[in-house]
Amino acid sequence: MPRRPETERADDQEAQRYRAPALDKGIDVLELVSRAPTPLTLSAITKELGRSTGELFRMILVLERRGYIRQVDGGGYAPTSRLFQLAMEQAPIKTLQEFALPWMRTLSARTEQSCHLAVRAGGDIVIISRMESSGLLGYSVRLGYRRPIPLAASGMVLYAFQPYDVRENWESEFQPALSDNQLVRLRRDADKILRQGSFQQNSTVMPGVTDISAPIMRGDLATAALTMPFVRKAPLPVDLDGCLAILKEIARAISAELAATDYRI
């Protein structure tokens, strides 16, 4: 049924009533700088947002003073880890980290491989915890690293262990959007991961590394993914199959501890 004109006018008036233009501009700047692959100059920011220098100059100064962005060599602005630090203060994330880190240390000690913990952030995964290899050599991913869900082993595991309606919701946030054929392959691969209980693939970022990943479950859903960038080195204390078995064992142990303390389960 078409909306009545008076209803639309009322909605517009309500939106105007609660507008905060200065806050909107500040958030626009912060989101743009955070998503940019390289630092952005003031002129680049104003051009991208379609705003004048006068409109945004003070916003940028305040964001820099409050520690959300920083000016780098060459005059461009880049995000700091301030937002990431605030996100890590959320109770569910802190609880997850508290339970996971001792087990991640055990995983590293038993395999002499590094590992990391990833959660969903929009259409991406973001690394919230990591444990270096206990051996002399290893490969690790920095905290706060983001990658599109379909391109990461952690993302595939997180996506696979969700109900179909949640998967569809996540798909709407993928950037860039996937074609119909790509979605068909993604869903088929996710169903296979769900049956297997884990996932492994050659790293799309680092040649010679095999990413293996297993879900951290909260009830029937994956709340995080525990992933190991397996490096084949000599001597090799534990082979790939052995590391995958230990990884799945550790992921189940973390999931069990979460379940024992989560009133929602």
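User: What is the relative accessible area of glutamate 112?
Analyst: In this predicted model, glutamate 112 counts as partly exposed. That class lies between the 20% limit for buried and the 50% limit for exposed. The relative accessible area of glutamate 112 is 32%.

User: Where does glutamate 112 lie, in terms of helices and strands?
Analyst: Helix 6 covers 91–111 and strand 3 covers 115–121. Glutamate 112 lies in the loop between helix 6 and strand 3.

User: What is the phi of glutamate 112?
Analyst: Most residues other than glycine have a negative phi. Glutamate 112 is not a glycine, yet its phi is positive, at about 60°.

User: What is the omega of the peptide bond from alanine 234 to proline 235?
Analyst: Proline 235 lies in the loop between strand 8 (221–231) and helix 10. Most peptide bonds are trans. The bond from alanine 234 to proline 235 is cis, with omega near -5°.

User: How many charged residues does the contact of helix 8 with helix 9 have?
Analyst: Helix 8 contributes Tyr164, Arg167 and Glu171, which meet Leu183, Arg187, Ala190, Asp191 and Leu194 in helix 9. By class, the contact has four nonpolar residues and no polar ones. The number of charged residues in this contact of helix 8 with helix 9 is four.

User: How many nonpolar residues are in the contact of helix 3 with helix 4?
Analyst: Leu42, Ile45, Thr46 and Leu49 of helix 3 make the contact with Thr53, Leu56, Phe57 and Ile60 of helix 4. Two of the residues are polar and none is charged. The nonpolar residues in the contact of helix 3 with helix 4 number six.

User: How are helix 2 and helix 3 oriented relative to each other?
Analyst: The axes of helix 2 (residues 21–35) and helix 3 come within 11 Å and cross at roughly 110°. Because angles of 65 to 115 degrees form one class, helix 2 and helix 3 are roughly perpendicular.

User: What is the handedness of the crossing in which helix 2 passes helix 3?
Analyst: In helix 2, Asp28, Val29, Leu32 and Val33 meet Ile45, Glu48 and Leu49 in helix 3. By class, this contact has five nonpolar, no polar and two charged residues. The crossing of helix 2 with helix 3 is right-handed.

User: How far apart in space are tyrosine 77 and leucine 42, C-alpha to C-alpha?
Analyst: Tyrosine 77 is found in strand 2 (residues 77–79). Beyond four places in sequence, tyrosine 77 touches residues including Leu42, Ile45 and Ile60. Tyrosine 77 and leucine 42 are 35 residues apart in sequence, and their C-alpha distance is 7.7 Å.

User: Is tyrosine 77 buried or exposed?
Analyst: The limit for buried is under 20% relative accessible area. The value for tyrosine 77 is 8%, so tyrosine 77 is buried.

User: Is glycine 74 buried or exposed?
Analyst: Glycine 74 lies in the loop between strand 1 (69–71) and strand 2. At 77% relative accessibility, glycine 74 counts as exposed.

User: Which residue has its backbone nitrogen 2.8 Å from a polar side-chain atom of serine 255?
Analyst: Serine 255 is found in helix 10 (residues 240–261) and counts as buried at 10% relative accessibility. Leaving aside neighbours within four places in sequence, serine 255 is in contact with Pro215, Ile216 and Met217. The backbone nitrogen at 2.8 Å belongs to methionine 217.

Conventions:
Residues numbered from 1 in each chain as written. Predicted model: local features only at pLDDT ≥ 70, side-chain atom pairs only at ≥ 80, totals over all residues. Heavy atoms only, no water. Contact = heavy atoms within 4.5 Å. Helix = DSSP H or I, 4+ residues; strand = E, 2+ residues; numbered from the N terminus. Nonpolar A, V, L, I, M, F, W, Y, C, P; charged D, E, K, R; others polar. Buried < 20%, exposed > 50% of the residue type's maximum accessible area, 1.4 Å probe, protein only. Polar contact = N/O pair within 3.5 Å; in protein donor to acceptor, adjacent residues only side chain to side chain. Axes fitted to C-alpha atoms, helices over the stretch in contact; angles between N-to-C directions. Parallel < 35°, antiparallel > 145°, perpendicular 65-115°, else oblique. Left-handed = near helix turned anticlockwise from the far one by under 90°.
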